[in-house]
Amino acid sequence: RPARSRLVDAIAVLLRPVRWLLHTITPVGWGCLALLVACGLTGSVMGWQEAWSATMVVGIVVVTAWLWLIPRGGYSVSHNLLEPRVTVGDHALIRLTVTNPRSRPLLPSRMEMPVGPGRAVFVVPTLTPRAVHERGFVLPTQRRGVVTVGPVLAVQRDPVGLLQRERSLTTPQDIHIHPRTLRLGTALHGVLRDIEGAVTQDLSSSDVSFHALRDYVPGDDRRNIHWRTTAHTGRLMVRQFEETHRSSLLILLDCLIDDYEVEEDFETAVSVACSLSLDAISDGREVTLATQDEELPTATGLRLLDASCLVTSTAIQGCDDLARQASSRHPEASVIILVTGQRCEEQTLARVRTLTPLDAVVLALRCGSNAMGRRSVGGVTAYDLDRIESLPRIMRRAS
């Protein structure tokens, strides 16, 4: 091995005790050590008996603090999530089990379990041999997101708070808090049914709508040769078809927070976009859910909901840029639904229509305080809703 690599490994080994001390000694402990040094120097330099007495007292406190870090291991700990995926507003239950597998009693111990940004603190009582201690925790689920639970930490700390040692006893687990969604049933079908099978002006050699006959061109599929006409004309003739639409749904979720009145309106928009996507997925239709930052997976409803937990309102581009980028990636979209907020300007909605395919149906769902409003902006039909429960009725109106 190179000499440089060996030197780096040697430095890492030497620094390991330093890192351990930095993680073990608390700020109060560092202050106590500084006081111990100051008292000792004062006693040795000035000869003050009071300084030596203070040095002795502080020294006893520091030395005895290390006794609290003597390992008391032996616990077998596990925590289980009764439901790793829940919906906003539901209860997420966490079950914690502490077992004493040894043949001797174990003294009380203080443990902590990180739950998202907070920590659950609890004390395990004295456990006799083979005894089991169980606790349950309820995780608040008012907000959509991914919450990490664990690991469970065995915390050893002296009474003064000079030293603290944490040992990980379990592995962390994630709880996905999904947005609220509704099953639309037939509410979305009316919008898509008008598009299904609509003929375009694009000619094709491999579709289902017969258009006309034309001369054979090298490379044409011979299965499309019309032999009866070929026999009459004396030259090869092939069938020409017209392309037809297949209803492809493109859902645009605006993640620019300035387009929403309050943060709760953005959460409603996420619920609306996911409800529309899940309805299309369950019906086996082509659907794409795009934001300014990414396209969410729509292969299955579960993958979509898991990905939606991480969607944030941190975009810096408007919904017109979102429409332009998504339409360039999906020019085949026949129905485009923009989910945005009621602070989105009408000029922006009008630009959305100019940036999307001309033969596509474009709708806008604006989430905010106004309920059941409807207007036409530059060729875009915009509907207002104030809560997710209004979505089925609005989609029936749109169909």
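**Stop one: a buried pair**

Select Glu267 and Arg144: their side chains meet in a salt bridge, at 2.9 Å from N to O. This is a predicted model, so keep that in mind as you click around. The two partners come from distant parts of the chain, with Glu267 in helix H6 (residues 263-282) and Arg144 in the loop between S6 and strand S7 (145-149), 123 residues apart. Are these two residues buried or exposed? Both Glu267 and Arg144 are buried.

Now pick Arg183 and Asp283, another salt bridge, with 3.7 Å from N to O. Here too, distant parts of the chain are linked: Arg183 sits in the loop between strand S10 (173-178) and helix H4 (189-193), while Asp283 is in the loop between H6 and strand S15 (286-290), 100 residues away. Arg183 is exposed, at 53% relative accessible area, and Asp283 is partly exposed, at 32%.

**Stop three: helix to helix**

Next, select Arg351 and Asp320, whose side chains form a salt bridge at 3.0 Å, N to O. Arg351 belongs to helix H9 (residues 346-354) and Asp320 to helix H8 (residues 319-329), so this pair ties together parts that are 31 residues apart in sequence. Which of the two counts as buried? Asp320 does, because its relative accessibility is 12% and the cut-off for buried is under 20%. Arg351 is partly exposed, with a relative accessible area of 39%.

**Stop four: strands side by side**

Switch to cartoon view and colour strand S1 (residues 76-81) and strand S3 (residues 92-99). S1 and S3 run antiparallel and pair over 6 bridges. To see one of these contacts, click Val77, whose bridge partner in S3 is Val98.

Which residue in S6 is the bridge partner of Leu96? Select Arg135 and you have it. While the side chains are showing, remember that in a regular strand they alternate between the two faces of the sheet.

How values were computed. Residues numbered from 1 in each chain as written. Predicted model: local features only at pLDDT ≥ 70, side-chain atom pairs only at ≥ 80, totals over all residues. Heavy atoms only, no water. Pairing = 2+ DSSP bridges. Helix = DSSP H or I, 4+ residues; strand = E, 2+ residues; numbered from the N terminus. Salt bridge = Lys/Arg side-chain N within 4 Å of Asp/Glu carboxyl O. Buried < 20%, exposed > 50% of the residue type's maximum accessible area, 1.4 Å probe, protein only.
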